[in-house]
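Thanks for asking me to look this over. Here are my notes, as numbered points to read beside the structure.

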Amino acid sequence: MLILGIETSCDETGVALYDSDRGIVAHEVYSQVEIHAEYGGVVPELASRDHIRKTLPLIRQTLAAASVALTDLDAIAYTAGPGLVGALLVGTSVARSLAFALDVPALPVHHMEGHLLSPLLDDNPAPMPFLALLVSGGHTMLVDVRGIGQYTILGESLDDAAGEAFDKAAKMLGLGYPGGPAIERLAEEGKPGRFRFPRPMTNRPGLDFSFSGLKTFTLNTVEAHRNEPGAGADIAHAFVDAVVDTFVIKCTRALKQTGLKALVVSGGVSANKQLRAGLATMADKLGVTVHYPRFEFCTDNGAMIAYAGYCRLQGGAGAPLGYNVRARWPIDELAAPDPIDR
Ligand code: KG4
Ligand code: ZN
């Protein structure tokens, strides 16, 4: 079975082909980072317009890379939410029109389910059930995963998402957008121990997160040490330490609480080296395994959408005739694929 995946929820146009026998056979991502960089964040209208320009050429390129014709496709999966509505509508319209013309199913996919399942594209996938830590630019969540569509949110951010905190801290430090990779690099040059940032919400029970206090703390520290050489790198180091520690504390708590033995980490922030090192030490101590998507599938891409579409189709999910895109869409509203849907 050959599935085309189309991702247009934010500032990356992603297209990929998933073959049920061979895995991902082609994937292409066009990032709009340069378009949004001068504004310091994503401008929704510019994002939609660029998806319009890039989606069809990227589909052609992906099909050509795998030497596949449109008529070889068995289904088309597309991101239906959560995300920017205008951007989502581009991928949705293209996917559904193509699917209608080819008379194949069009499968709406939840973007965060795509992230959540993306580590399963690995040669050595995590065994279900597992705990998922989803850390992207828009979401921060701990999810108890029992099967496809069987998700219980154990905790989530009450304010900023982890990636958003990275982006905002980077802006305060005068670094470019997106901030995550820039902070990661600067933190490597910083001295440990010069600053200590708070570990938000770790000294009370529960699995929720909050990053807005950390943002204010970062701003105050940047202002107080503005003219000191090397302060930026030391601040980045302390910021990353605080974020990593917070995740280690909350993941440890969630793993003990659920008894789960595998942790899956995905979304843009899962690319972070310091986070990976912190979680590796934690996993050794607890005797659990940690699983990540392939590096290029940490940030937004079409592969995770094609794969999530495949998992749903496999489970017997139908392809609804009507369609809708959703800016907000809690992942625990998803259900296991229901063959009656068909
Ligand atoms: O999953 P993603 O590509 O898009 C959303 O669904 O939001 O995540 C993008 C986020 C951005 O906030 C970016 O700064 C962050 O992921 N990010 C990182 C790293 N690479 C990307 N954060 C920390 N360290 C990184 N290496
Ligand atoms: Zn994402």
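1. A word on method before the surface figures: accessible areas come from the Shrake-Rupley method with a 1.4 Å probe, and for residues only the protein chains shown count as cover. On that basis the accessible surface of the chain comes to about 14,600 Å², with 53% of it belonging to carbon and sulfur atoms.

2. Please keep in mind that this is a predicted model, in which local features need pLDDT of at least 70 and side-chain atom pairs count only at pLDDT 80 or more, while totals for chains, interfaces and linings use all residues. Residues are numbered from 1 along each chain as its sequence is written, chains are lettered from A and ligands numbered from 1 in the order in which they are written, and side-chain values use heavy atoms, leaving out hydrogens and water.

3. Now the overall build. The chain has ten helices and ten strands; these are DSSP runs numbered from the N terminus, helices being H or I with at least four residues and strands E with at least two. Its C-alpha trace spans about 60 × 45 × 30 Å along the principal axes. The radius of gyration, taken over C-alpha atoms, is 20 Å, which agrees with the value near 20 Å for a compact globule of 342 residues; the globule rule is 2.2 Å times the number of residues to the power 0.38.

4. How is the chain divided? Domain 1 covers 2-116 + 297-333 and domain 2 covers 128-292, with bounds from an automatic or database domain assignment. Their centres, taken over C-alpha atoms, are separated by 27 Å. Across the boundary, 19 residues of domain 1 are in contact with 22 residues of domain 2, contact meaning heavy atoms within 4.5 Å.

5. Of the 342 residues, 55% count as buried. The classes are buried under 20% relative accessible area, exposed over 50% and partly exposed in between (1.4 Å probe, protein chains only).

6. The loop between helix H6 (179-189) and helix H7 (212-224) deserves a look, starting with Arg-199. Arg-199 counts as buried because its relative accessibility is 14%. Beyond neighbours within four places in sequence, Arg-199 is in contact with Asp-241, Ala-242, Asp-245 and Thr-246. Met-201 is found in the loop between H6 and H7, is buried at 15%, and has a positive phi of about 60° although it is not a glycine. Arg-204 lies in the loop between H6 and H7 but is partly exposed at 47%.

7. Ala-161 sits in the loop between strand E8 (150-156) and helix H5 (162-172). Is Ala-161 buried or exposed? At 2% relative accessibility, Ala-161 counts as buried. Its contacts, leaving aside neighbours within four places in sequence, include Ser-136, Gly-137, Thr-140 and Phe-211. His-139 is 22 residues from Ala-161 in sequence, and their C-alpha atoms are 5.0 Å apart.

8. Two cis peptide bonds are worth checking by eye. The bond from Met-128 to Pro-129 is cis, with omega near 0°, and Pro-129 is found in the loop between helix H4 (111-117) and strand E6 (130-135). The bond from Tyr-177 to Pro-178 is cis, with omega near -5°, and Pro-178 lies in the loop between H5 and H6.

9. Lastly, Asp-103 lies in the loop between helix H3 (85-102) and strand E5 (106-110). Phi of Asp-103 is near 60°, a positive value in a residue other than glycine. With a relative accessible area of 71%, Asp-103 is exposed.
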